[in-house]
Each structure stands twice: as C-alpha cells, then as structure tokens.
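Q: Walk me through the salt bridges in this structure, please. I'd like a close look at who pairs with whom, and at how that part relates to the ligand site.

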Amino acid sequence: MEKFIYLDHSATTPTDPRVVEAMLPYWTEVFGNASSLHSAGKAAEAALVQSRQTVAKVLNCHPAGPAEIIFTSGGTESDNLALRGVAHGMRARGRGNHIITTSVEHHAVLDVAKELQTEGFEVTFLPVDEYGRVTAQQVVDALRDETILVSIMYANNEVGTLNPIAEIGAALKKRRIPFHVDAVQAAGLLTLDVKKLNVDLLSLSAHKFYGPKGIGVLYMRRAVTLKPQMVGGGQQAHRRGGTEPVPMIVGLAEALRLAEAEREETVKRLIPLRDNLIERVLTLIPEATLTGHPTERLPGHASFAMRGLNGDSLLLDLNEIGIGASGGSACTTGQQEPSHVLVAMNIDPDCLVGQMRFVLGKHSTQEHVDRLIYHLTALVERHRALVPDIG
Ligand code: PLP
C-alpha cells in the first residue's frame, strides 16, 4: 500500500522531530518541579522562563514574568478560561454582563457562552455572511454599555475563513472593551502579533502547529480582569493552578518558534497547492461549492459542500484508499446534526451532509493533491450513481 496521505491538518499535526528533541531532556534529566527551591526545581523554572520568553517574542508581548502568558492544557481550556475568567472577573467588579461572540465559533467558545447565559450573562451571537465572516461594524453596532467581552475567532476551523481581527480590535481598543481571539487555527500561518492585532486575550494550542497535544497558551494583557478557573496552587501568578508540565511547555515554545520562523515559506508553498486543489475540485466535480471565503482563508484550507452526497461515507471510502480527511470539525465527527457553521452561512440544506475539508500541511505535496483529485472524482461519481434520484 502506498503511504497514507494526511489531509486533516486543522484537526491536528504531527509533532515535529525537532520539537520532540527539544523536549527530551525535560522528562528525565531536568525533571524538577518548577516551584521547588532546590537546584532541580530551579533548572525546571529556568526552562519555563525561557519558554515564556520565546512565546512572548512571537506574540510581541511582555516577556518578563508569568503575567501575560498562561500555559493551559490546550485550546479548549484557553477558550474556557478567557470567557469564564473575564465574565466572572468583571461581574465580581460590577462591570456589566454582556458578551459578544459569533455564531460560527468553535464549541470551546460557543458552549461556554451558552453556559454563561444560564448564569445570567447576556450573549449576542453575531450572524455571519455567506463566507462565515463578521465585520467590525457589526461588532460596534452590537456593543452596549454593559459589554464586558468580545470573543471572535481568527480563522474558522471548518471553512477556513479569516475574520478582520486587527480592524475589530482597533474599534474595541478605542472603547476599552476586552477582546479575546481564538487563534487556534492561525499559528504558523498568520501573524500572532497581539499589538498589530489589537487583542487583549488570545488562545493557542500546540498540536495545531506541530507541537505536542495537551498544551496550550492563553495570552492575557496585564490590564485585563480575569478570575482564575483552576485554583489550588499559586502557580502562574495564581492565574492557573497546577504544577507546570515543563516538557510540554518546552515543546510548545519550540514548536511556536519554528512555526513563526518558517511561516513565510510555509504560506508561500501552501497557497498555490490549496488553490490548485480548489480549482480542480470546482471544475471536475459537478455541484461542488467552495465553503468559506475564496481568498480570505487559511493558506492550506480547502473545504466544500457537495450536493446529494454523504460526506462521511465518502470520506470513509477515501480513508480505505489511504487518504485521511474530515467533514467539518474533527471534534464533532460522528454527530448527526448539520454543522452549525454551514447553517449560519446559509448553505443550501441539500449540501449540508456533503461537507468535506482537505487541509494541507508542511509535508503536503502536489503529488498528494493529484492523488486526492484522482480518487475523489471517481468516488463522487460512484457515490452519486448509487443515489440516482439526487444531484
Ligand atoms: N478552537 C478552534 C478554532 C479549534 O479548531 C480547536 C480544535 O480543533 C479548539 C479551539 C480546541 O483546541 P484543543 O483541541 O487544543 O482543545
């Protein structure tokens, strides 16, 4: 069998061997607890400090001290901490109860926002256009005197669409409204400079940028009010209790450093590959439409809705051939519900189950795209022939 072709880099990425190498000493040699006073602890603490500086450099934020960089267990925890932390922190200060987000966020934001509603917070879920985007004007129009937080994703995981984060951030900065951005899909592909983006809080997850799974970052500007959600230890300046997983943190920092250093080159290589994939699907497969924005989209991301097809069953056949891709979000695969993202974008109901996402990564090649197109066109024809009354 030929080598498996992995086209699901929005779900996760393989850990870069250079990252694994950087992590190795911190499992067995430098194993101390970063809070311990003895030299084993001090060595671990030094690695923590160094990792924070590396992350701070990529984000262009304050390098000193743990105040701005909070290490978490991943994107889900970072999003949870940002929303709950700010909501509860602001409420404790009597600062209002209104939150703005969008209807196409990852469930790590959406579900927290819905929970906050049950606690008495008011949430505006902004609608999106046909590409899954919101505008800065929409955000400004939704603001109230009681607004305490705006949370908008940088790039959508299902359809790859980018939001105008810097512009939204500029509008919010003038009004001093805290702005959280879920940038989980953006690292290594888009700038993460929090000053250019005008953001106050930003979520990252290492496994999306060739780092280990189970480690993430919440960047938080110093002035933001945040109530810790994980208590029981004074670690990370009391913002997130728990012994820091030093090997994972070292891995995250090295992965982020490499992703940023190689970003320009990666993007330059991925865009033509992506555009070639999109163009060939749209010309060779009848009744296939691109979902998400044609140009304002993640460099390696190609997503489609195909009329009269069951995406999951086609993807299973594609997997048998040795090509791994997914429908929408990896986290919701197996659910029978149509994607909340496609529904919010007003996609034709006949196309909702024909959702497919092919996401290229660092190791993707033209040959991978060619093989995908070859097998996909044949499979679509076969599947449509089985259901002659549709499409
Ligand atoms: N936010 C977005 C946009 C994502 O795509 C994901 C994961 O797919 C997450 C948050 C959750 O990240 P994690 O898997 O690290 O919990």
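**Salt bridges, close up**

A: A search of the whole structure turns up 20 salt bridges, each one a side-chain nitrogen of Lys or Arg within 4 Å of a carboxyl oxygen of Asp or Glu. Bear in mind that this is a predicted model, where local features need pLDDT of at least 70 and side-chain atom pairs count only at pLDDT 80 or more, while totals for chains, interfaces and linings use all residues. Residues are numbered from 1 along each chain as its sequence is written, and side-chain values use heavy atoms, with hydrogens and water left out.

Start with Asp 8 and Arg 357, whose side chains pair up at 3.1 Å, N to O. Asp 8 sits in the loop between β1 (5-6) and α1 (17-23), and Arg 357 in strand β12 (residues 355-359), so to speak a link across distant parts of the chain, 349 residues apart. (Helices, H or I with at least four residues, and strands, E with at least two, are DSSP runs numbered from the N terminus.) Both Asp 8 and Arg 357 are buried; buried means under 20% relative accessible area, exposed over 50%, and partly exposed in between, with a 1.4 Å probe and protein chains only.

Next come Arg 240 and Glu 77, at 2.7 Å, N to O. Arg 240 is in the loop between β8 (216-220) and α9 (246-261) and Glu 77 is in helix α4, so this pair ties together parts 163 residues apart in sequence. Arg 240 counts as buried because its relative accessibility is 13%, and Glu 77 is buried too, at 16%.

Glu 260 and Arg 263 make another bridge, 3.1 Å from N to O. Here Glu 260 is partly exposed, at 25% relative accessible area. Elsewhere, bridges with shared partners join Asp 16, Arg 18, Glu 262 and Lys 362 into one network.

Now the ligand. Helix α4 (residues 75-92) gives the most to the shell around the ligand, with 3 residues. In total 13 residues surround the ligand, with Thr 76, Asp 182, Gln 185, Ser 205 and Lys 208 the closest; a residue qualifies if one of its heavy atoms lies within 4 Å. A ligand nitrogen is 2.7 Å from a side-chain N or O atom of Asp 182, and a ligand oxygen is 2.6 Å from one in Lys 208. A polar side-chain atom of Gln 185 lies 2.8 Å from an oxygen atom of the ligand.

How values were computed. A polar contact is a pair of N or O atoms within 3.5 Å; within protein, one must be able to donate a hydrogen and the other to accept it, and residues adjacent in sequence count only if both atoms are side-chain atoms.
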